[in-house]
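Let's go through this one the way you'd check someone's labels: take each term, look at the value behind it, and see whether it holds up.

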Amino acid sequence: MTKSKIELFALVILVLFTFINCKDNGSLPYSSNVIVINESGVDLSLKILRESGVEIVSIPNKSKYQNTIEESNTGFHGPFVGSVKSLSIVFSDNKVLNFTHLDPNKKDNILWFDAYDVQEISEFERIFTFRITELHYLLAQ
């Protein structure tokens, strides 16, 4: 193969590679990887009240709940998909912390991404981590 054919071949490969990896920003989905880690010292459940009903997610002590939320063209939304009215953290001894979207302090509210540690993977992908700690347990009633 001559030098010009090799250069042409390399250029074609580069163009194909660029074409395959190029995506229109308007059609890229936003991906939120939501992780809730139970570091409270006791088993717990998330009681998620939606318009369609109640969902219960059990998280044993020292384990985690993980969910991936895909949103196309809409950015990053709340950490729980669907219309959530409220969320309660119910500890194994029935002590409870309640949260709604109306709570004024978003930095402590499990329903808002402001309360999560954020790891940016790309412009369109984030990992959101919320830790339920012993302090949450102590604040529960």
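**Checking the labels**

Nine bridges join β1 (residues 29-39) to β4, and the two strands run antiparallel. This is a predicted model.

Q: What makes β1 and β4 paired strands?
A: Pairing takes at least two bridges. β1 and β4 have nine, so they count as paired. One spot to look at is Ser32, which stands opposite Ile69 in β4.

Q: Which strands belong to this open sheet, and in what order?
A: Four of them, in the order β4-β1-β8-β7, with mixed pairing.

Q: Why is one side of β4 and of β7 left without a neighbour in the sheet?
A: β4 (64-72) and β7 (117-122) stand at the edges, and each has a single partner strand, so one side of each has no neighbour there. On average, neighbouring strands of this sheet are turned by 15° against each other, direction ignored.

Q: What makes β5 and β6 a pair?
A: Same test: at least two bridges are needed, and five join β5 to β6, so they pass. They run antiparallel, and Leu87 stands opposite Phe99 in β6.

Q: What is phi of Asn94 in the hairpin of β5 and β6?
A: Asn94 takes a positive phi near 70° in that hairpin, which has four residues between the strands. Asn94 is a residue other than glycine.

Q: Why does Lys62 count as exposed?
A: The cut-off is over 50%, and Lys62 has 75% relative accessibility, so Lys62 clears it. Lys62 sits in the loop between β3 (53-59) and β4. Its phi is positive too, near 65°, in a residue other than glycine.

Q: Why is Asn109 called buried?
A: Buried means under 20%. Asn109 has 1% relative accessibility, so it counts as buried. Asn109 is found in the loop between β6 and β7. Leaving out residues up to four places away in sequence, Asn109 touches Phe99, Thr100, Asp103 and Ala115.

Q: How do you know that Asn109 makes a polar contact with the backbone oxygen of Thr100?
A: The distance cut-off is within 3.5 Å, and a polar atom of the Asn109 side chain lies 2.7 Å from that oxygen. The distance therefore meets the cut-off.

Q: How many helices and strands are there?
A: The protein chain has two helices and eight strands, following the pattern α-β-β-β-β-β-β-β-β-α along the sequence. Of its 141 residues, 34% are buried.

Q: Where is confidence lowest, and where is it highest?
A: Helix α1 (residues 3-21) is lowest, with a mean of 55, and helix α2 (residues 134-139) is highest, at 96. The chain averages a pLDDT of 84, with 79% of the residues scoring at least 70. Where pLDDT is low, the predicted coordinates should not be read in detail.

Conventions. Residues numbered from 1 in each chain as written. Predicted model: local features only at pLDDT ≥ 70, side-chain atom pairs only at ≥ 80, totals over all residues. Heavy atoms only, no water. Axes fitted to C-alpha atoms, helices over the stretch in contact; angles between N-to-C directions. pLDDT = per-residue confidence, 0-100. Buried < 20%, exposed > 50% of the residue type's maximum accessible area, 1.4 Å probe, protein only. Polar contact = N/O pair within 3.5 Å; in protein donor to acceptor, adjacent residues only side chain to side chain. Contact = heavy atoms within 4.5 Å.
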